[in-house]
Amino acid sequence: MAAVLVIAEHDHGTLKGATLNTVTAAAQCGGDVHVLVAGQNAAGAAQAAAQIQGVAKVLHADGASLAEQLAENVAAQVVALSGGYSHLVFPATAHGKNVAPRVAALLDVAQISDATKVVAPDTFERPIYAGNAIATVQSADKVKVITVRTTGFDPAAATGGSASVETIAAVADSGRSAFVGAEIAKLDRPELTVAKIIVSGGRAMGSSEKFAEVLTPLADKLGAALGASRAAVDAGYAPNDWQVGQTGKIVAPQLYIAAGISGAIQHLAGMKDSKVIVAINKDPEAPIFAVADYGLEADLFSAVPELVKAL
Amino acid sequence: MKALVAVKRVVDYNVKVRVKSDGTGVDIANVKMSMNPFDEIAVEEAVRLKEKGVVSEIVAVSCGVAQCQETLRTAMAIGADRAILVETADELQPLAVAKLLKALLDKEQAQLVILGKQAIDDDCNQTGQMLAALAGLGQATFASKVEVADGQATVTREIDGGLETIRIKLPAVVTTDLRLNEPRYVTLPNIMKAKKKPLEIVKPADLGVDVAPRIKTLKVAEPPKRGAGVKVPDVATLVAKLKNEAKVI
């Protein structure tokens with residue numbers, strides 16, 4: 001059986017958690033799992049990949065062209081290595097979604113987005129229409145290029161493996177794009193997609209000041225990540241990368257607390273796989289109550305501070 | 001400079017689709033159809049670039065059934081100058097659409113292609129990246145800011161954890177994210193004007209593109225239902241339930 005290649009998500013020094021879930025999905029697709037770490041001075045990430053349980057081999061491509069993870073160069077690197085692999089598997093993160101379709105088009109194959117289940121090596125489940133329907137799709141292409149929704153697969157154990165690391169030459173720079181800069185929000189709390197508890201606010205928060213003033217103490221108390229509905233992001237109450245939903249992040253924490261979120265289908269698409277959902281909303285008819293394990297019909301501006309005190 | 005904008009006709013954002021009882025797909029008969037919201041943002045961005053004097057002509061393109069003409073008329077009401085419909089009743093998957101757009105890009109020699117990052121029906125998020133790959137161009141996906149000058153586009157992108165700015169050489173492909181702009185309302189006079197703008201219809205075969213699907217949909221099902229839980233009377237009960245029943249805190 002041909003091997004499966006996982007394209008690691010990393011920051012050169014360390015491996016991102018999404019890689020672990022992707023390894024689990026890849027292992028369900030077929031033969032040996034290999035991991036590509038494409039970066040610059042990325043030995044740290046490559047070593048971490050070698051420790052993942054179930055990984056047979058790590059390919060470590062290192063060079064300046066891969067320093068900024070530009071889609072043109074990373075895709076070219078994946079294509080250069082793709083021979084002999086039955087599946088090329090990416091996490092469905094912003095980076096994975098940026099690169100995977102490019103790889104698929106260069107190989108003249110279709111791409112399967114956001115797989116949530118591996119039914120057979122050529123057959124996958126994926127949500128469509130904001131998760132309101134689940135499609136089972138079968139690929140006729142000889143190479144399957146897939147992005148996997150990390151919430152659909154348990155993370156592989158980060159330690160216990162002892163894969164060999166093979167260093168390979170990095171591709172040349174495409175010359176089509178260049179990195180200018182980045183503004184990465186400094187996180188003093190867990191990242192949304194890996195957080196065990198998420199506190200999310202909606203349009204009812206009323207302003208970015210209120211959003212921070214009311215929800216931050218609760219998130220601090222619970223060690224939670226902060227999320228937001230699209231309506232709250234649109235209104236400027238919260239940054240875009242906090243957005244949970246169809247067009248934002250897909251999350252499945254142990255506990256999801258939705259404060260002042262009505263529960264539009266686009267939002268539910270992003271959080272309905274959470275283990276326990278708490279909804280705090282003063283509108284008894286809010287659709288969020290239909291998916292909440294515990295619904296509290298109350299004014300969030302008094303209920304949330306009260307909750308902080310009670311914890 | 002010419003800009004190409006791709007628009008897709010999809011089930012309206014506010015419609016909750018129903019899965020057909022025979023599991024072959026979702027029921028879109030008699031359902032309101034609209035332009036994919038991210039594509040509206042794409043058209044708006046092109047129009048703003050034209051208003052700034054950066055873009056001189058905007059060509060809107062749609063691929064699909066005859067009714068996509070309505071979507072193209074909307075694009076022209078927002079401000080596109082003319083439109084091309086690649087008409088087919090066949091199922092079109094992202095790779096096929098990317099190939100059709102590549103053929104039109106070759107023909108039109110546009111410097112900038114703007115597309116929505118994702119269509120809200122199949123939620124694929126692929127077409128722009130595929131087009132860029134097929135055309136050998138640079139890509140800037142999930143754009144929240146676009147500036148074009150000196151044969152380059154400087155694009156701020158929404159990435160996990162924050163924002164990233166990259167510079168791509170033109171011609172290039174940009175896909176839009178939510179915060180790029182807020183599309184204008186189309187006015188009645190502009191809708192009337194749009195009716196007179198040129199709309200060309202071509203077939204995939206005219207462009208020499210094989211649009212045969214590569215992926216077969218075996219089944220479409222309802223997602224597992226999540227049952228409603230209980231309403232709690234007060235914060236104290238909520239905390240007790242979370243501690244003792246759900247055991248999540």
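**Chains A and B, term by term**

Mentor: Phe142(B) is placed in strand S9 of chain B, a strand being a DSSP run of E at least two residues long, and a helix one of H or I of at least four, both numbered from the N terminus. This is a predicted model, in which local features need pLDDT of at least 70 and side-chain atom pairs 80 or more, while totals for chains, interfaces and linings use all residues. Residues are numbered from 1 along each chain as its sequence is written, with chains lettered from A and ligands numbered from 1 in the order in which they are written.

Trainee: Why does Phe142(B) count as buried?

Mentor: Phe142(B) has 28 C-beta neighbours inside 10 Å. A residue is buried with 20 or more other C-beta atoms within 10 Å of its own, exposed with 12 or fewer and partly exposed in between, the C-beta atoms being placed from the backbone. Phe142(B) is therefore buried. In chain B, buried residues make up 49% of the 249 residues.

Trainee: What is the phi of Phe142(B)?

Mentor: Phi is near 55° there, a positive value in a residue other than glycine. Most residues other than glycine have a negative phi. Asp108(A) also has a positive phi, of about 55°, and is not a glycine.

Trainee: Where does Asp108(A) lie, and what makes it partly exposed?

Mentor: Asp108(A) lies in the loop between helix H4 (94-106) and strand S5 (111-115) of chain A. It has 13 other C-beta atoms within 10 Å, so it is partly exposed.

Trainee: What is the peptide bond between Leu170(B) and Pro171(B), cis or trans?

Mentor: That bond is cis, with omega about -5°. Pro171(B) is in the loop between strand S11 (162-169) and S12 of chain B.

Trainee: How do you know that S6 and S7 of chain B pair?

Mentor: Strand S6 (residues 57-64) and strand S7 (residues 82-87) of chain B share 6 bridges, in the parallel sense. Two strands pair if DSSP finds at least two bridges between them, so this count qualifies. Among the bridge partners, Cys63(B) has Val86(B) in S7(B).

Trainee: Which strands of chain A and chain B pair in the antiparallel sense over 6 bridges?

Mentor: They are strand S8 (residues 133-139) of chain A and strand S14 (residues 215-221) of chain B. There, Ile134(A) is bridged to Ala221(B) of S14(B).

Trainee: Why is H3(B) called oblique to H4(B)?

Mentor: Helix H3 (residues 94-108) of chain B packs against H4(B) at an angle of about 50°, with the axes 8 Å apart. Axes are lines fitted to C-alpha atoms, for helices over the stretch in contact, and angles run from 0 to 180 degrees between N-to-C directions. Under 35 degrees is roughly parallel, over 145 roughly antiparallel, 65 to 115 roughly perpendicular and the rest oblique. The angle therefore makes H3(B) oblique to H4(B). Residues making the contact include Leu101(B) of H3(B) and Leu131(B) of H4(B), contact meaning C-beta atoms, placed from the backbone, within 7 Å.

Trainee: What does H4(B) lie across?

Mentor: Helix H4 (residues 127-135) of chain B lies across strands S8 (112-116), S9 (138-149) and S12 (172-176) of chain B, at about 75° to S9(B).

Trainee: How many residues of chain A are in contact with chain B?

Mentor: 71 residues of chain A are in contact with 64 residues of chain B.

Technical notes. Contact = placed C-beta atoms within 7 Å.
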